[in-house]
Every structure is written in structure tokens, then in C-alpha cells.
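This report describes the fold of each chain, selected helix packing and the contact between the chains.

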Amino acid sequence: MSIHDENAVLAIAGLGFSFGAKCVLDSIALTVRAGEFKLLLGPNGAGKTTLFSLITRLYDSPQGKIEVEGNDLKKNSGQALRRMGVVFQQPTLDLDLTVRQNLMYHAALHGLSSVRAKARMNDELDRLGMADRADERVRKLNGGHRRRVEIARALMHEPKLLLLDEPTVGLDVPTRRDIVDHVHSLSRDSGIAVLWATHLIDEVRDGDSVFVLHQGTRRADGPLADVLEATATATIADAFDALTSGPGT
Amino acid sequence: MTSVHALRCLLGIMKREYLRFLNQRERFIAALVRPLLWLLIFATGFRAILGVSIIEPYETYIPYEVYITPGLIAMIQLFNGMQSSLSMVYDREMGSMRTLLVSPVPRWYLLFCRLLAGTLVSILQSYAFLLVAALFDIRAPALGYVALLPALIVTGLMLGAMGMVLSSMIRQLENFAGIMNFVIFPMFFLSSALYPLWRIQESSDLLYRLCILNPFTYAVELIRFSLYLKTNGAAAAVVVVAFMGFAAIAVYAYDPARGILSRKGTGE
């Protein structure tokens, strides 16, 4: 049975996960629709990376269900993964290969033809202002440029869902702002559903949706304005403090 | 996954391994120097002490360096299998393994592609070693070099799959040195690579039994017989069965529901 939400690109219901006896995620339900930019907010240790690992099928959970455009991640993992682009928290580029070689490797894993892969690579690198760096080894790039390459790579196969796990950690403020702006425009202009995990609340923009995760449980989920209203706060910083100050439920 | 997608994926993974191989010239040189040291120094020093009688597949008395050449080819593949598994541990620690595992291709197929890519690298190394050996007049029948190829594919796959199983058992890169000592050297010494099994049996029945249980022994013998244009069905069967066994364990270990990634719980 599929999770009933026709507009959902990512739909999660009843998801739980434990490391041994320790419960890391408890009954998580989450939806991201086409064109929606949803921030997964939570302090360090809230369970964000575990949730990402479950969505990307690095881990598997016996409890709950994850669907991408109606494709069950367990039963139809190929179709579900095909629709996802992922930027992990930990850098995953091969430092000794060039930008081009990294992107072409990714394209091959997704079954893109060489012609299509080259066209997609040029488009994405152009969009990120990285076209002239294609033949540089990744090791020579700074942290911000490496992140851009990872975003370009995640978009190579034109996913419907873009997952980013704390993609701006360790970057300076202008670079962070550029990357946040870029992904917002992707979501707005291309209709990509974005799930962006972060503990940096200044990355939230007006019009975003937020999902607050604390100690493995959902504390809030909805448009930013609704969350502020529900917590009777004026800023997301105050709302975040209010939602994550108590123990888990 | 369509067959076109499968082929593109295989070529992509092989190209990446090849590029990494080109970037690591010292790895290639080390892979060549190690067996050459055994062949040109150890074997030369020991040829007077270790006489080898006529045993299959040889049809005459042979110098010791001729005897150990197949064992050294198997050693190249053993080291390469371990090197590939080391690079899988490295990829896992550095995160690039994730790129592979989140691609829309069945995981067993990804592991197989990776295995095949590593095997091809080991075959290149083996032929480079045989070329240098030939320059020192250690030669096999010309057709033996051709007959060797299928043997090298299955032995390379078996040793690569074994390395993959080991990589799934290793939590961190640092633990790998222990595996090298506890796996590579015992496997190499407890085999027919350096001495015929009848000689070991004369000295110790226990060691002989261990050699018989060691799949590496059969890899060495398969290579030896193929190089001299003889068939050894038993060795081939053991190598193929061992490959399937190791491959099945590796697929199990890398399965997201049961495997290493979720067991470790290194995330938040």
C-alpha cells in the first residue's frame, strides 16, 4: 500500500530505527512535495544523518515506509534511488580524480550515455560557475568549490528529489549563502523537492518548510510561519530553542 | 536496470579503478618488485637447498625459481585482492563508497563490477611480472600464457571476493595491518606456493592438512597447471566454489538490512 499523498516526491511514514537498544528515530512521518524546500532542523545528535542514511538506503529499517514518487525504497529501490540526488555531510568526491572524471563516474553509475553525461555536466558546471574547473583535480579545489561539484554531481541525472545533509558545514559565510541561494533557486525554478538537513538555523528562508527533529522524534513540521505561530515565537531561532529545549518524548 | 545501464555502470567502475591505478604508480611498482625479490633473490638463494622432484604438471626436473613462479603470480593476486579491499575500507572511511551504494543498481552487481575491475588490475600485474621473469629466462610454454588467462580470472575473482569479505569485517583502516599479517602471510606460507605439498607432509602432517584446507593452495595449483597447459579439475572446482562462497558472504555483508553499514552506526 502506498503512502497517500499524490503530490509527495518523498513520503515517509512510521519510520523507526535503533542501534541495538538505543532508539535513534521514533515513528517519523515526513513529506516533501515538488518545488518544496524543506529544512530538516535538529541539534547535533538529533538523528538527521541516520534519517538520511535510511532515505538513501545505506541503512535499512524494519519499521516504517519510505517512498520516492510512489516507489517503495525496499521493494523498488532502483526506481526510488534513480530519482534521488544526494549530497552527503562527509565529502564523497575522489580527490585524485578531476572534476570531470568524478562527474562522469557518477553518470556511468546512473546509466547515462556518454553524450548525455557530457551535456549534463556542462549544464550543471555552468550553472555553478565551475565550467572552467572541469579538468582540475578535486584535491586542488577549496571546500566551497568541492561542495559545488558535489551539488552538480547530485543533479547530473536530473533527480526529482535532492537530499543535502549539512552541506555547508565548514564553509565561510559568503560561500554558505551562495550555496543556500543556489539550491533555493533550483527548487523554485526546476520544481525539485529539496530536503536540507542542518543545525544552522540562519539557513532558513521565508517560504521554506521546516521539520524539527530532536532526540529522534518530530517536534514540528510545516511552513515556517505555521511553526512560528504554533510555538508563539517571532524568529526561527526562538522557535528552535523552544522545540529542542526539553527531553525527547 | 537495463543491460545498457549495467554495461555503462561496469565500464564506469572499471575506468575509475584504472584511473586510480594510474595515479598510484608506486602501487604497481610495489606489486611487481615484491614477487621479483622472491624470484630473483630468495629463489636463487634457495635453489641449491630445495630440490624439487618431477611432479605434475612438470615433465622434467625444474629449477626452484620455475617452481615458485605460479605461487608468486598467486601472491600478486592475493596482495591485489587485499589492496582492493583496503581501498574499499578507505572508500568507506572517506565516504566515496556512499556514491557507489546510492546508485540505482543492485548492490550485488556493484560489488561484482568492483571485483572484476580489481581482478583485471591483478591480471595486468601478473603478466607484467611474467614478462620480467621471461627476461631472466624463466619461461613457460608460449600457449601457457594464453591458457593462463581464464585461470587468472577465476583466481583473481576468488581472492578479490575474499578481500571483500575481509573489508566488511574491518571497522577501521588501522586494523588492516593485522589482517595482512594474519591472513596474507599464513595463506601464502600454508600453501603449495613455495614448496610442494609432499615435502610439507614429510615434515608435518598437521601443516599438510592446513595446506589442503587452504583455498589459496588451489589457486596456486590452478595457475601452475594452466601455465603448463594441463588441466586440474579439482583445483578449478575448489577455486570456483570458494569464489561463490566468498561472494555470497560479501553480498550479505554489504546488504543494507543486515550488513556492516548499519551495524556500525557511526552516524548520529
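## Fold, helix packing and chain contact

Read along the sequence, chain B follows the pattern α-α-α-α-α-α-α-α-α-α-α-α. Chain B thus comprises 12 helices and zero strands, where helices (H or I, at least four residues) and strands (E, at least two) are DSSP runs numbered from the N terminus. The model is predicted: local features need pLDDT of at least 70 and side-chain atom pairs count only at pLDDT 80 or more, while totals for chains, interfaces and linings use all residues. Residues are numbered from 1 along each chain as its sequence is written, and chains are lettered from A and ligands numbered from 1 in the order in which they are written.

The secondary structure of chain A comprises eight helices and 10 strands. Its radius of gyration is 18 Å, close to the 18 Å given by the globule rule for 249 residues, so chain A is as compact as a globular protein of that length. For chain B, with 268 residues, a compact globule would have a radius of gyration near 18 Å, and the value of 19 Å agrees. The radius is taken over C-alpha atoms, and the globule rule is 2.2 Å times the number of residues to the power 0.38.

| Chain | C-alpha extent along principal axes | Residues counted as buried |
|---|---|---|
| Chain A | roughly 50 × 40 × 35 Å | 48% of 249 residues |
| Chain B | about 60 × 40 × 35 Å | 45% of 268 residues |

A residue is buried if 20 or more other C-beta atoms lie within 10 Å of its own, exposed if 12 or fewer, and partly exposed in between, with C-beta atoms placed from the backbone. Two residues are in contact if their C-beta atoms, placed in that way, lie within 7 Å. In chain A, 68% of the contacts with a separation of 6 or more join residues 24 or more positions apart. In chain B, 78% of the contacts between residues at least 6 apart in sequence join residues at least 24 apart.

In chain A, the axes of α7 (residues 224-231) and α8 (residues 236-244) come within 10 Å and cross at roughly 55 degrees. Axes are lines fitted to C-alpha atoms, for helices over the stretch in contact, and angles run from 0 to 180 degrees between N-to-C directions. α7(A) and α8(A) are therefore oblique to each other; angles under 35 degrees count as roughly parallel, over 145 as roughly antiparallel, 65 to 115 as roughly perpendicular and the rest as oblique. A:Leu224, A:Val227, A:Leu228 and A:Thr231 of α7(A) meet A:Ile236, A:Ala239, A:Ala242 and A:Leu243 of α8(A). By class, this contact has seven nonpolar, one polar and no charged residues. Ala, Val, Leu, Ile, Met, Phe, Trp, Tyr, Cys and Pro count as nonpolar, Asp, Glu, Lys and Arg as charged, and the others, Gly among them, as polar.

In chain B, the axes of α10 (residues 215-227) and α11 (residues 233-253) come within 8 Å and cross at roughly 130 degrees. That makes α10(B) oblique to α11(B). Residues in this contact include B:Tyr218, B:Leu222 and B:Phe225 of α10(B), and B:Val238 and B:Val239 of α11(B). The contact divides into 10 nonpolar, no polar and one charged residue.

Between the chains, the contact takes 28 residues from chain B and 32 residues from chain A. On the chain B side, α1 (3-23), α4 (96-101) and α12 (260-264) each supply at least two residues. α1(B) gives the most, with 10 residues. The chain B side divides into 13 nonpolar, 10 polar and five charged residues.
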